[in-house]
Amino acid sequence: MAKKTVKDLDVKGKRVLVRVDFNVPIKEGVITDDNRIQAALPTINYLTENGAKVILLSHLGKIDHKDPEKCEAGKKKNNMAPVAARLQELVSSKVTFVPVTRGEELEKAVAEMNEGDIVLMQNTRYEKGESKNDPELAAYWAGLGDLFVSDAFGSVHRAHASTVGIATHLPSACGFLVQKELENLGAAIDNPNRPLVAILGGAKVSDKIAVIDNLLNIADKVIIGGGMAYTFFKAKGYNVGTSLLEEDKVEMAKEFMERGKDKLVLPIDTVVANDFSNPTDIKTVDSDKIPDGYMGLDIGEKTVELFAKELQGCKTAVWNGPMGVFEDPRFAKGTEAVCKILSELPDAMTVIGGGDSASAAKKLGYKDKFTHISTGGGASLEYMEGKELPGIAIIEEK
Ligand code: ADP
Ligand code: MG
């Protein structure tokens with residue numbers, strides 16, 4: 001059932017279209033974090049070292065094609081040129097940047113490639129048809145290559161021309177980055193060593209319904225923290241003060257509690273403050289004692305102890321969603337405690353999915369302390385929801 005990987009392809013002398021994730025933060029033409037470029041290097045170097053002609057495609061930022069003025073501004077802002085310059089510093093192969101996404105200049109650059117060369121084309125989102133998986137565009141891009149490699153895990157949950165469309169025309173495989181993601185997420189979600197404990201947090205219940213739903217089916221425990229806990233508190237009949245609350249999800253929370261019974265674990269105490277941006281009074285109260293006018297912003301210490309107990313002995317832990325407003329150090333303690341507990345679990349596979357959870361773990365100094373921190377926020381979330389990822393489904397099986 002495993003997907004083909006680059007190692008299953010005969011790439012020598014072939015034009016290999018590689019969908020990478022070069023969606024890096026750029027401020028005034030300067031890349032502020034090149035992690036994503038670095039992460040694509042194993043696949044790129046493997047291909048060039050094995051005599052492929054490597055044609056790279058990636059999106060960068062967003063471009064509004066509905067409004068001509070915004071479209072021009074978006075193209076200017078999200079030009080791939082600085083990425084090509086950075087890539088050239090990181091690889092020994094020759095990198096040719098093509099500032100367009102179709103036409104003679106692109107075709108000529110590809111025709112002139114030697115084995116081991118790299119061509120990076122302009123931001124795929126310069127094309128209106130990219131995000132609509134336009135068949136003409138997909139066929140055109142596919143015509144530039146002989147093989148397709150999917151290595152942009154952060155984009156595989158989107159059925160776009162560069163992630164899905166091209167793959168319908170060519171023999172395809174996963175790159176090393178996608179392979180690693182599938183191995184780790186697969187081991188944690190599809191085939192976990194048990195007990196499997198899930199820790200779910202973040203802002204809203206509404207963002208996480210599908211994850212809670214799926215994990216209630218497959219996990220042995222589902223621990224809830226973060227902003228969505230207060231909707232569960234409300235469902236229990238507690239006062240939640242001014243905490244984040246989704247009234248229209250209270251019934252849903254009740255259903256989850258009835259279905260989950262002891263499997264579902266909620267915080268027993270919570271850190272509250274009298275104001276979000278300028279709190280003058282911060283204290284910890286039991287979950288059912290949130291005073292009027294106070295807002296829950298983190299889990300409390302008793303909850304940390306409870307969660308630690310629930311996690312003891314687990315063989316697999318998956319985590320999505322911070323336990324509190326970790327961006328503010330005053331409310332980061334619960335998230336940090338969960339990082340620490342997970343990192344110290346003996347013999348457990350620990351996996352983080354979700355963009356904010358991954359950045360929280362990194363920001364708090366736990367970058368290398370987990371088995372796997374997913375590089376794809378939305379994609380890893382959808383994986384945990386049990387959804388099929390279109391950019392993976394389309395890749396050929398071994
Ligand atoms: P992920 O990206 O990992 O899936 P989410 O996007 O669902 O996570 O949630 C992250 C956000 O949740 C963070 O910005 C954090 O500040 C917010 N959050 C966590 N706890 C609370 C809370 N008690 N009240 C309001 N926001 C919260
Ligand atoms: Mg998020």
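Helix 12 (residues 333-343) has buried residues that are covered by elements including strand 9, strand 14 (295-299), helix 11 (301-311), strand 15, strand 16 and helix 13 (355-363), where helices (H or I, at least four residues) and strands (E, at least two) are DSSP runs numbered from the N terminus. The buried residues of helix 12 are Gly-334, Thr-335, Ala-337, Val-338, Cys-339, Ile-341 and Leu-342, and buried means under 20% relative accessible area, with exposed over 50% and partly exposed in between (1.4 Å probe, protein chains only). This is a predicted model, in which local features need pLDDT of at least 70 and side-chain atom pairs count only at pLDDT 80 or more, while totals for chains, interfaces and linings use all residues. Residues are numbered from 1 along each chain as its sequence is written, chains are lettered from A and ligands numbered from 1 in the order in which they are written, and side-chain values use heavy atoms, with hydrogens and water left out.

- Six strands form an open sheet with parallel pairing in the order 11-10-9-15-16-17, and two strands pair if DSSP finds at least two bridges between them.
- Strand 11 (264-265) and strand 17 (372-373) are at the edges with a single partner strand each, so one side of each has no neighbour in the sheet.
- Strand 16 (residues 349-352) runs parallel to strand 17 and is joined to it by two bridges, and the bridge partner of Val-351 in strand 17 is His-372.

**The nonpolar cores**
- A nonpolar core is a set of buried Ala, Val, Leu, Ile, Met, Phe, Trp, Tyr and Cys residues joined through side-chain atoms within 4.5 Å, and the largest one here has 67 residues, with Trp-141, Ile-224, Phe-232 and Val-318 having the most contacts inside it.
- A second, separate core has 31 residues, among them Val-197, Ile-299, Val-304 and Cys-314.

**Thr-231 in helix 9**
- Thr-231 belongs to helix 9 (residues 229-235) and is buried, with a relative accessible area of 1%.
- Apart from its neighbours within four places in sequence, Thr-231 is in contact (heavy atoms within 4.5 Å) with residues including Val-205, Leu-244, Glu-246 and Ala-253.

**Ligand 1**
- Ligand 1 is surrounded by 19 residues, of which Lys-208, Gly-296, Glu-327, Asp-356 and Ser-357 are the closest.
- A polar side-chain atom of Glu-327 lies 2.5 Å from an oxygen atom of ligand 1, whereas a backbone N or O atom of Gly-296 lies 3.1 Å from a nitrogen atom of ligand 1.

How values were computed:
Near = heavy atom within 4 Å. Polar contact = N/O pair within 3.5 Å; in protein donor to acceptor, adjacent residues only side chain to side chain.
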